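Please walk through this protein with the sequence and the model side by side, taking one region at a time.

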Amino acid sequence: SLGGFGSWYVGSLMPDLFAAVSGGGCTPYGVIENLHSLPCWQYWGLKDSHGEYKGYYARKVKELEECREKYGGYEARLQTYEKLGHGYPPEGHGPILEVLSERTRDPYPMKVVWNPAFPSGQRGCYWLWGAKGLVVAERKKNLIEVTGVEPEMDGLEILLNATMVDFQEPVTVQSGGKSLFQGRVKHDLGVLLRSLEEWNDPEH
């Protein structure tokens with residue numbers, strides 16, 4: 001219920017902190033675009049007394065499907081039960097926990113879809129920082145393709161490390177075939193300290 005809302009809400013604000021999220025007796029919530037690289041499991045009973053959520057649930061499911069078609073990704077299982085009310089699924093939470101326990105957090109996904117729509121106080125997500133609107137970034141070795149409206153990309157920073165790119169070779173960042181940056185990237189202690197302060201994540 002409210003805990004399920006919370007898992008979706010916090011998961012969509014800071015997907016880089018989790019391996020997976022799940023919620024039940026609630027509807028998908030938050031910024032759906034940001035769930036691109038975060039596995040989700042949601043269940044809903046069609047006889048839930050909170051009937052006012054049904055229309056919202058349908059809209060969010062459609063939104064998730066549209067994001068999957070547009071960007072790929074979005075490993076989500078949305079399960080409905082015809083005879084279930086506001087409660088646990090008939091098989092219990094065991095199957096959900098088993099699936100979630102198999103997931104591991106990926107702090108450096110190859111593709112990031114980030115829409116900083118909620119004021120979470122977090123300036124970035126995964127390896128993107130400072131986006132002002134919806135930005136999609138995908139990396140292939142030392143090539144990074146970024147898409148988004150120019151004002152939304154103004155101030156955008158891309159954080160890199162040796163697990164993501166080869167620092168011995170030039171890195172190219174482009175958008176729509178236009179080169180935004182090309183050259184070698186050096187390790188920067190200031191950026192490292194800033195990212196530790198921002199994320200407090202030893203894997204970041």
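**From a surface patch to the sheet**

In this predicted model, the residues L189, L192, L193 and L196 form a nonpolar patch on the surface, and together they have about 370 Å² of accessible area. One of these residues, L193, belongs to helix 5, which covers residues 189-199.

Other strands make up an open sheet of three, in the order 5-6-9 and with antiparallel pairing. Strand 5 (124-125) and strand 9 (157-158) stand at the edges of this sheet, and because each has a single partner strand, one side of each is left without a neighbour in the sheet. Strand 5 is joined by two bridges to strand 6 (residues 128-129), and the two run antiparallel; within strand 6, W129 is the bridge partner of G124.

A last stop is helix 3 (residues 94-101), where V99 is found. With a relative accessible area of 25%, V99 counts as partly exposed, because this class lies between the limits of under 20% for buried and over 50% for exposed. V99 and M164 are 65 residues apart in sequence, and their C-alpha atoms are 27 Å apart in space.

Methods. Residues numbered from 1 in each chain as written. Predicted model: local features only at pLDDT ≥ 70, side-chain atom pairs only at ≥ 80, totals over all residues. Heavy atoms only, no water. Patch = residues over 30% accessible without salt bridge, like charges linked within 9 Å, V, L, I, M, F, W, Y side chains within 5 Å. Areas by Shrake-Rupley, 256 points an atom, 1.4 Å probe, with all protein chains shown as cover. Salt bridge = Lys/Arg side-chain N within 4 Å of Asp/Glu carboxyl O. Helix = DSSP H or I, 4+ residues; strand = E, 2+ residues; numbered from the N terminus. Pairing = 2+ DSSP bridges. Buried < 20%, exposed > 50% of the residue type's maximum accessible area, 1.4 Å probe, protein only.
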